[in-house]
Amino acid sequence: MGLGSIGTAVLFVGAGFSVIVTMASNILNGVVTALVFGVFLLTVALKDKHGQSLLMRATTRVGWMVTKSTGTHIYRSGPLGRAEWGTAQLPGLAAGSKLTEWHDSYNRPFALLQIPTTSDYTVVIETEPDGAALVDREQVDVWVAEWGMWLASLGDEPGIEAVSVTIETAPDTGTRLRREVNSRIDPDAPEFATSILHDLVRQYPAGSATIKAYVAITFNAAARVGGKKRTPDEMGRELASRLPGLTQSLSSTGAGATRPLSAQELCEVVRVAYDPAAARLIDDANAAGEPPELYWPEVGPTAHQSNWDTYRHDSALSVTWMMSGAPRGNVPSSILARLLAPHRDVARKRVTLLYRPIDAAKAAAIVEADVRASTFNVQSSNKPTARSMIATRAALATAQEEASGAGLVNFGMLVTATVIDAAHEADAKAAIDNLSATARLRLRIVHGSQDSAFAAALPLGLVLPKHLRIPSEIREQL
């Protein structure tokens, strides 16, 4: 009846308890007991198109009311803020994070982000994808296959907890184009040619956008379950030797040139995300050869306010969606093209794919459980639905692929739309709704947790299930 394992157990316990009450008292008390259990099961069984039950929606609303009553949805930092430390520390899930810098085997600096509350360490890799324009179909197929193999190999990598891929589109400030052109102008060039180049530099950036891609790999402090947790020094030395292999294997997936982000570059990425107005200043400083000295305790917002369905931070307003339904049927490689592309109604757009590799030992048990559940659903009805039959075939195909060596991952998606003017909020929401339809995705706004969803969409490697008060395993069984 659409109930999970816990709901089914409550159903049988309620039926048995109602019978016991009827036998010990009278039928009226038994009916009242059955109604109480029935109302609870009704709140679990009634779900909307996003799979959210009435109980989950009510719990979210109550949690938001508690958050507003305690004032934890408002954040003020800096010397005059409410934060005790007097700095612009990151709020929410990343408040206790620590940043250090190391050098890998190729002597490349890389930032190591530590989340003490979950004992996780994150390394961020910057990529330069080539894109699919003017690329043969055979090459695209090779990239897709290599990406699948790279994801499958994550389950065999010791200590990897999660991986996130962030595609960010933002207005181009024109600083990089101006720096590149000015450095190549010949002093003896004709005045007409020089004026044409200067006009190009001045006019071309108007309306153009820049696209950046990041891959954040999160490692657990313990290499295996129950193992000893490693210190930041131990993690830094180990990842220094492992990082070249991870970046090299990532290059074959179509990611292009890959390199780890340094601590300074990661600080710039996070600072611009919370305060988009600082992007031009940071680009100008880098172009002048005087990069700003940013420190991790100073990259957070000076003020933010998380609302029910929006998030106000420094100079911008953002809305974050979560994927509640993946595309059905065949999924071509270009299905996310329009969602990832820049849009005129969204100043800054961030699409983040979240992956959590499943251990090979657990993957076999999971796929077999899916096969048993889907087979039972088909055989328990005289007229099984088409969706049940397709689910059974998909479960069997997944089990066969897993037995042949394929990896198993949990995946999700977050989409963040940022506007500078709050008056453009409705246009940005309409744009994301239209783009999600072209990608055959089912998205819903993250209600009551906009600040946490915004931080999770950044390339910080936050593992959301570890921050839940109610474990995700229990939520899935309701």
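These are my notebook entries on a few spots I looked up in this predicted model.

**Entry: the annotated stretch**

I started with the UniProt record, an unreviewed entry, which places a "transmembrane region" at residues 28-46. In the model I found that stretch to be 95% helix and 0% strand. Its end C-alpha atoms sit 26 Å apart.

**Entry: α8 against α9**

Next I looked at how two helices pack. I needed two values for this, since packed helices are described by the angle between their axes and the distance between the axes. Helix α8 covers residues 263-274 and helix α9 covers residues 278-287. Their axes come within 9 Å and cross at roughly 150°. Angles over 145 degrees count as roughly antiparallel, so I noted α8 and α9 as roughly antiparallel to each other.

Which residues meet here? From α8 I listed E268, R271 and V272, and from α9 A279, I282 and N286. Sorted by class, this contact has three nonpolar, one polar and two charged residues.

**Entry: the largest nonpolar core**

I then turned to the largest nonpolar core, which has 30 residues. The members touching the most other members are L99, L266, V270, Y274, W296 and L460. Two or more residues each come from β3 (109-115), β6 (209-220), α8, α9 and α14 (450-457). Which element gives the largest share? That is α8, with eight residues.

W296 is in contact with L90, S97, K98, L99, L113, L266, C267, V270 and L460. Apart from this core I found another one, of 26 residues, with W102, I125, I217 and A221 among them.

**Entry: W308 in its loop**

Where does W308 lie? I found W308 in the loop between β8 (303-306) and β9 (311-313). Its C-alpha atom is 7.4 Å from that of S449, although W308 and S449 are 141 residues apart along the chain. Again setting aside neighbours within four places in sequence, I have W308 in contact with T60, R61, W64, V446, H447, G448 and Q450.

**Entry: a lysine in α13**

Last, I checked K429, found in helix α13 (residues 425-438). Is K429 buried or exposed? Buried means under 20% relative accessible area, and K429 has 17%, so I wrote it down as buried. Beyond its neighbours within four places in sequence, K429 is in contact with D309, T310, V319, W321 and I445.

Notes:
Residues are numbered from 1 along each chain as its sequence is written. This is a predicted model: local features need pLDDT of at least 70, side-chain atom pairs count only at pLDDT 80 or more; totals for chains, interfaces and linings use all residues. Side-chain values use heavy atoms; hydrogens and water are left out. UniProt positions are given in the numbering used here, feature names are shortened, and annotations may be inferred rather than shown by experiment. Helices (H or I, at least four residues) and strands (E, at least two) are DSSP runs, numbered from the N terminus. Axes are lines fitted to C-alpha atoms, for helices over the stretch in contact, and angles run from 0 to 180 degrees between N-to-C directions. Angles under 35 degrees count as roughly parallel, over 145 as roughly antiparallel, 65 to 115 as roughly perpendicular and the rest as oblique. Contact means heavy atoms within 4.5 Å. Ala, Val, Leu, Ile, Met, Phe, Trp, Tyr, Cys and Pro count as nonpolar, Asp, Glu, Lys and Arg as charged, and the others, Gly among them, as polar. A nonpolar core is a set of buried Ala, Val, Leu, Ile, Met, Phe, Trp, Tyr and Cys residues joined through side-chain atoms within 4.5 Å. Buried means under 20% relative accessible area, exposed over 50%, partly exposed in between (1.4 Å probe, protein chains only).
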